[in-house]
Amino acid sequence: MALDPKADAAKVRAMANTELDKVAAYFDGVRTMAERADAAQPVAAVPLGPRVNLPYYTAAEQSAGEKLRAAAAAAIGRDPVGKTVLARLNGPDNKPALPSFLIEDQQPGVVAQYDFRRRAVVLDRSAVLDAVVETVPPRERSALRRSLSGRADLLAYLDKHPEAIATVVKAHDVVIVHELTHAWQDRRDTVFREMARGNLPDSQPLEYEEEAWKTKNLYLHSKLKNDPASVRMDDELKDYVLMGHGLKPWKTALFERLESDSPTRALQFQPLNSFVAGRIARVKGRAVVTSEEQRAKALDLQALTRAQKSLGEVETAHAARMKTLDGELGTAKPESYKALGTYYLVQALAAERATDRAAWLDQAERYAKAAGEKKLLEEIKKARESR
């Protein structure tokens, strides 16, 4: 779209679908019989149990990753909604069996992602480094940043500085909750497993994103209620505020943004289903001569039909899950104005600059008035008079 000003989203999506068709046709044509047989086997969601074959490359990476995972579990587990998020990933011992944590360079703007192939939460190295340098006084930050410019140096520093690990989690716990929701989807459903085997397109199902974004906002709401000082004034908070203006327009804007950012991967379940149906139709129409070709065709149809069925089951279950989740968000909405009023009051009281203090007290007052919280308004008035 950047190269062609006349291009529009529909054209880009049509081009993306054409490319998916080409990739699928090529993929179906070059798979070996053994690969076809493997793809046709029933696949289960990731079993709950001890993690094996951890996707670490070095001992330092493993040590830092395990400490990040433990710190994330401790921090998120202090919140009531966070406990629910963690409990979904419990192992046989009824304790959270979180996915592995990795630190790697991600695309610009991506703080973290869940890699379903490695079953790992991948944190962006730059975002981690930004959090780490906050642990030292401002005058020391430039030197620390330079000393940790190498990935190995950053990993070694994290391994030796638990306060840096804690700061990274504190800075990104809301995003981590989002990615742990994707990990739960992976263990709960078979869609990601079918993608990993090539039976479904490698995509970013928008309904899965809807669930993850709503879950992280529910977690953020709980933090605002129970520990407002722990909430950062960042894009996640802005998204929470926008969602409070109305779920439907928020969802529409979310889908449009994700489709614009990733037109080749961000797809809803229905278009994905249509794509798989077309792929099944092409395989059914494939001419065969030898018994080996007949067996290959049968295996392909078995694999694709099962993948399509799993996609349909998840689409149906998603509607019920969103009804429940939307109900929880609806219950939380009346509390949001009070929570935000309290949050901005806390920020104002901790502000170092008078301009920030005044601006945040104004924000606190607006939300307190919207909530009809007389006690909170009195606290804001006292805060104004104290300076």
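Colleague: Which exposed residues lie on the face of α7 turned away from its buried side?

Modeller: That face carries Ala152 and Lys160. Exposed means over 50% relative accessible area, buried under 20%, and partly exposed in between (1.4 Å probe, protein chains only). The model is predicted, so local features need pLDDT of at least 70 and side-chain atom pairs count only at pLDDT 80 or more, whereas totals for chains, interfaces and linings use all residues. Residues are numbered from 1 along each chain as its sequence is written, and side-chain values use heavy atoms, with hydrogens and water left out.

Colleague: What makes the buried residues of α7 lie on the same side of the helix?

Modeller: The buried residues of α7 (151–160) are Leu154, Leu155, Tyr157 and Leu158. They cover an arc of only 160 degrees around the axis, and therefore they are on the same side of α7. The arc is that of the directions from the helix axis to the C-beta atoms. The helix itself is a DSSP run (H or I, at least four residues; strands are E, at least two), numbered from the N terminus.

Colleague: Which elements do the buried residues of α7 pack against?

Modeller: They pack against α3 (59–76), β1 (100–104), α5 (125–133), α6 (138–147) and α8 (162–188). Contact here means heavy atoms within 4.5 Å.

Colleague: Where do α5 and α8 meet, and what is the class make-up of their contact?

Modeller: Ala127, Val128, Ala131 and Val132 in α5 meet Ala164, Thr167, Val168, Ala171 and His172 in α8. By class, this contact has 7 nonpolar, 2 polar and no charged residues. Ala, Val, Leu, Ile, Met, Phe, Trp, Tyr, Cys and Pro count as nonpolar, Asp, Glu, Lys and Arg as charged, and the others, Gly among them, as polar. The axes of α5 and α8 come within 8 Å and cross at roughly 115 degrees.

Colleague: Why are α13 and α14 called roughly antiparallel?

Modeller: Helix α13 (269–284) and helix α14 (291–350) pack at an angle of about 165 degrees, with their axes 10 Å apart. Axes are lines fitted to C-alpha atoms, for helices over the stretch in contact, and angles run from 0 to 180 degrees between N-to-C directions. Under 35 degrees counts as roughly parallel, over 145 as roughly antiparallel, 65 to 115 as roughly perpendicular and the rest as oblique. The pair is therefore roughly antiparallel. By class, their contact has 10 nonpolar, 6 polar and 5 charged residues.

Colleague: How do you know whether Val121 is buried or exposed?

Modeller: Val121 has a relative accessible area of 0%, and therefore it is buried. Val121 belongs to strand β3 (120–124). Its C-alpha atom is separated by 6.2 Å from that of Leu102, 19 residues apart along the chain. Not counting residues up to four places away in sequence, Val121 touches Pro99, Ser100, Phe101, Leu102, Gln113, Tyr114, Glu179 and Leu180.

Colleague: What makes Ser203 buried or exposed?

Modeller: The relative accessible area of Ser203 is 2%, so Ser203 is buried. Ser203 sits in the loop between α9 (191–196) and β4 (204–205). Leaving aside neighbours within four places in sequence, Ser203 is in contact with Met195, Arg265, Leu267 and Leu272.

Colleague: How do you know whether Leu206 is buried or exposed?

Modeller: With a relative accessible area of 0%, Leu206 is buried. Leu206 lies in helix α10 (206–226). Beyond four places away in sequence, Leu206 touches Phe255, Leu258, Glu259, Ala266, Leu267 and Gln268.
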